[in-house]
Amino acid sequence: MLDPVRAFVARLAPHPVCDGCIAERLNLTTPQRANQETRLLAGNEGFERRRDICSLCYGEKMVIRLRV
Ligand SMILES: [Zn+2]
């Protein structure tokens, strides 16, 4: 499931997105599933996780984005 998450975050770049929105848009079973994926992704070059405003739900949460 890493690739769909990666592609989704890359498509939104440079805008950040939270785990909940990733889970909802990609039909992952739970936000925890998205959390596992984004934590893995954050170790990859260009991807960063931090507390910020999600570009989809506008909540201040842990988000991930791809720097461009
Ligand atoms: Zn969100």
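In the predicted model, the largest nonpolar core holds 18 residues, of which Val9, Val17, Ile22 and Ile64 touch the most other members. Such a core is a set of buried Ala, Val, Leu, Ile, Met, Phe, Trp, Tyr and Cys residues joined through side-chain atoms within 4.5 Å. Buried means under 20% relative accessible area (1.4 Å probe, protein chains only). Two or more core residues come from each of α1 (2-12), β1, α2, α3 (31-41) and β3. Helix α1 gives the most, with four residues. Helices (H or I, at least four residues) and strands (E, at least two) are DSSP runs, numbered from the N terminus. Residues are numbered from 1 along each chain. Local features need pLDDT of at least 70, side-chain atom pairs count only at pLDDT 80 or more, totals for chains, interfaces and linings use all residues, and side-chain values use heavy atoms, without hydrogens and water.

The zinc ion is coordinated by the SG atoms of Cys18, Cys21, Cys54 and Cys57, at 2.3 to 2.4 Å. Donors are N, O and S atoms within 2.8 Å of the metal (3.2 Å for Na, K and Ca). The donor residues follow the spacing C-x2-C-x32-C-x2-C. Cys18 lies in strand β1 (residues 17-18) and Cys54 in the loop between β2 (47-53) and β3 (60-66), 36 residues apart. Both Cys18 and Cys54 are buried.

Asp19 is part of helix α2 (residues 19-25). Asp19 counts as buried because its relative accessibility is 10%. Its side chain makes a polar contact with the side chain of Thr38 (2.9 Å). A polar contact is a pair of N or O atoms within 3.5 Å; within protein, one must be able to donate a hydrogen and the other to accept it, and residues adjacent in sequence count only if both atoms are side-chain atoms.

Definitions and conventions:
Buried means under 20% relative accessible area, exposed over 50%, partly exposed in between (1.4 Å probe, protein chains only).
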